[in-house]
Amino acid sequence: MVNKHIPMNNGNNSQNGLKRELKTNQLSMIAMGCAIGTGLFLGSGLAISTAGPGVLLSYGVGAIIVLLLMGCLSEMTVAHPTTGAFGTIAEKYVSPLAGYLVKYSYWVANVLAVGVEISAIAVYMKYWFPHVPGMVWIVLFAAVLIYVNATSVNAFGTFEYWFSMIKISAIVGFILLGSYILFGGTHQSNLGPENLVNDRGFLPFGWWGVWVATFISLFSFLGTELIAVTAGEAKDPDVAVPKALKATVFRLSTFYILTIGIMLMIVPWKSAGVEESPFVKVMDLLNIPGASGIMNFIILTAALSSMNSQLYASTRMMFSLSKGNDAPAFLGKLNKKGVPLRALAVSTLGIFLAALVSAVLPGSSYAFMMGISMFGAIFTWFMVFVSHLFFRRKWEKSGGRKLPVKMVGFPYLTIIGAILLLSLMITTWFTDFKIMLQFGIPWLLFLTVTYYIFKKRASTQNSNRKQRIS
């Protein structure tokens with residue numbers, strides 16, 4: 001039953017000792033830092049090769065889906081600024097099973113994504129140190145980022161803020177340089193808007209290509225939802241969270257569409273792919289001295305930033321699972337600085353898994369881990385829309401306080417967002433991303449079985465305890 005007067009701003013006590021130290025600018029940078037990773041610098045090549053110049057429409061549709069998602073998330077997060085975020089909301093308003101599935105799916109998505117990024121970091125470092133084993137860099141950078149996350153939430157926020165600043169500055173610089181080359185710095189006949197239609201038109205793979213690339217584009221937006229996870233440690237979440245969510249979506253949409261549009265006008269779309277970053281190809285084409293090294297450093301920073309954010313997100317979600325009695329109680333313990341150190345330790349499993357997969361599948365470890373990590377994130381997004389439908393109706397029925405932030409077009413836009421995401425998930429079965437559902441469906445079945453096993457065990461323990469007392 002929903003509390004008739006649900007508090008709009010949960011204090012420190014409700015967060016079980018976590019510190020409220022993150023500011024609005026840090027929230028935005030954390031989300032952008034998590035989103036602007038290999039998905040843009042490398043994954044955009046895959047999206048371009050799937051849809052051609054029509055990928056601009058794909059990113060536009062992806063941005064609309066994310067904007068709808070952020071509208072729903074903003075409303076619910078302001079009402080419940082908790083570290084469990086959408087998992088806690090799904091548990092409260094949909095069902096305990098729904099919350100369990102969301103929390104563990106989001107946790108495993110971030111744990112696997114940490115492994116993906118650390119694998120990429122080992123590859124990037126070979127540019128400068130080709131003879132040093134990749135395992136050295138995995139251990140070194142993992143140790144640094146684990147230390148940062150273990151120090152304090154403010155240290156994490158500061159670290160992520162500056163990492164994100166480097167990436168965003170690089171993207172802005174790329175946009176300015178590309179614009180200068182296209183519209184003022186050169187008169188090469190093979191550069192310009194003509195490249196958008198020169199080879200088989202704007203939609204060389206038709207609308208199907210645009211639709212499939214929309215799914216790929218969503219990978220570039222993954223991480224924006226992290227603001228909801230950080231809400232439990234944000235100063236003035238009623239103001240900071242919705243402001244950060246809106247700013248993040250609009251900034252990312254602008255960056256992605258402008259950057260890819262400029263890229264397509266400089267490099268023919270057929271040259272795009274995943275064997276090399278399209279950004280590096282642009283720099284090579286423009287013959288900029290030292291461009292490869294500079295871009296490799298930026299991509300390295302992107303991977304470190306994403307890994308840092310994902311490690312934070314997975315740690316907080318495991319902490320929430322522990323506090324909700326869905327994970328061992330010892331994982332909910334905090335150190336003197338208010339950091340869930342044991343939950344952090346468990347959430348580093350992705351690093352060890354990445355090393356193992358890299359040894360077993362050296363040629364395809366990155367793609368394999370990327371595929372299985374995406375299910376948890378996309379499933380979580382879908383459940384945000386579902387949770388919002390339950391949340392709004394139960395909130396209004398309970399006579400709760402007036403919501404300071406409300407999703408426009410309810411329930412129609414919420415339903416449209418859910419249908420679009422579900423359709424994209426089903427679409428993957430007919431593409432090279434089938435691995436996502438091949439992993440995801442058994443994963444949900446496994447979680448459902450474990451939920452009922454643990455629930456039955458807990459019920460038996462409570463009954464035995466009551467019998468002993470009586």
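This briefing walks through the main features of the structure above, topic by topic. The model is predicted. The protein chain has 470 residues, and 59% of them are buried. Its secondary structure comes to 18 helices and 0 strands.

**Overall build**

- The chain exposes about 19,600 Å² of surface. Carbon and sulfur atoms supply 66% of that area.

- The largest nonpolar core has 135 residues. Val-55, Tyr-104 and Ile-121 have the most contacts inside this core.
- Helix α6 gives the largest share of this core, with 20 residues.
- Nonpolar side chains tend to be buried together in soluble globular proteins.
- Helix α6 is mostly covered, with 28 of its 30 residues buried.
- The length of α6 agrees with expectation, because 30 residues at 1.5 Å a residue should span 44 Å and the end C-alpha atoms are 44 Å apart.
- Tyr-104 touches Met-318, Leu-321, Asp-326, Ala-327, Trp-443 and Leu-447, leaving out residues up to four places away in sequence.

**Salt bridges**

- The count of salt bridges comes to 3.
- Glu-75 pairs with Arg-392, and their closest N and O atoms are 2.8 Å apart. This pair links distant parts of the chain: Glu-75 sits in helix α4 (residues 55-79) and Arg-392 in helix α16 (residues 365-398), 317 residues apart. Both Glu-75 and Arg-392 are buried.
- Arg-392 also forms a salt bridge with Glu-396, where the closest N and O atoms are 3.7 Å apart. Both residues lie in helix α16, 4 residues apart, or about one turn of the helix.
- Residues three or four places apart in an α-helix point the same way, because the helix has 3.6 residues a turn.
- Arg-392 has 5% relative accessibility, so Arg-392 counts as buried. Glu-396 has 46%, so Glu-396 counts as partly exposed.
- Shared partners join Glu-75, Arg-392 and Glu-396 into one network of salt bridges.
- Glu-91 and Lys-103 meet through their side chains in a salt bridge, at 3.2 Å from N to O.
- Glu-91 counts as partly exposed because its relative accessibility is 27%. Lys-103 is at 1%, so Lys-103 counts as buried.

**Helix α7**

- Helix α7 covers residues 134-151, 18 residues in total. From first C-alpha to last, α7 reaches 26 Å, close to the 26 Å expected at 1.5 Å a residue.
- Buried residues in α7 include Gly-134, Trp-137, Ile-138, Phe-141, Ala-142 and Leu-145. Val-148, Asn-149, Ala-150 and Thr-151 in α7 are also buried.

**Thr-450 in helix α18**

- Thr-450 lies in helix α18, which runs over residues 435-469.
- Thr-450 counts as buried because its relative accessibility is 12%, under the 20% cut-off.
- The side chain of Thr-450 makes a polar contact with the side chain of Tyr-100, at 3.1 Å.

**Arg-342 in helix α14**

- Arg-342 is found in helix α14 (residues 341-346).
- Its relative accessible area is 43%, so Arg-342 is partly exposed.
- Arg-342 is in contact with Phe-330, Leu-331 and Lys-333, leaving aside neighbours within four places in sequence.
- Arg-342 and Thr-315 are 27 residues apart in sequence. In space they are 8.6 Å apart, C-alpha to C-alpha.

**A cis peptide bond**

- Phe-410 and Pro-411 are joined by a cis peptide bond, with omega about 5°.
- Most peptide bonds are trans.
- Pro-411 is found in the loop between α16 and α17, and α17 covers residues 412-427.

Key. Residues are numbered from 1 along each chain as its sequence is written. This is a predicted model: local features need pLDDT of at least 70, side-chain atom pairs count only at pLDDT 80 or more; totals for chains, interfaces and linings use all residues. Side-chain values use heavy atoms; hydrogens and water are left out. Helices (H or I, at least four residues) and strands (E, at least two) are DSSP runs, numbered from the N terminus. Buried means under 20% relative accessible area, exposed over 50%, partly exposed in between (1.4 Å probe, protein chains only). Accessible areas come from the Shrake-Rupley method with a 1.4 Å probe; for residues, only the protein chains shown count as cover. A salt bridge is a side-chain nitrogen of Lys or Arg within 4 Å of a carboxyl oxygen of Asp or Glu. The expected span of a helix is 1.5 Å times one less than its number of residues. A nonpolar core is a set of buried Ala, Val, Leu, Ile, Met, Phe, Trp, Tyr and Cys residues joined through side-chain atoms within 4.5 Å. Contact means heavy atoms within 4.5 Å. A polar contact is a pair of N or O atoms within 3.5 Å; within protein, one must be able to donate a hydrogen and the other to accept it, and residues adjacent in sequence count only if both atoms are side-chain atoms.
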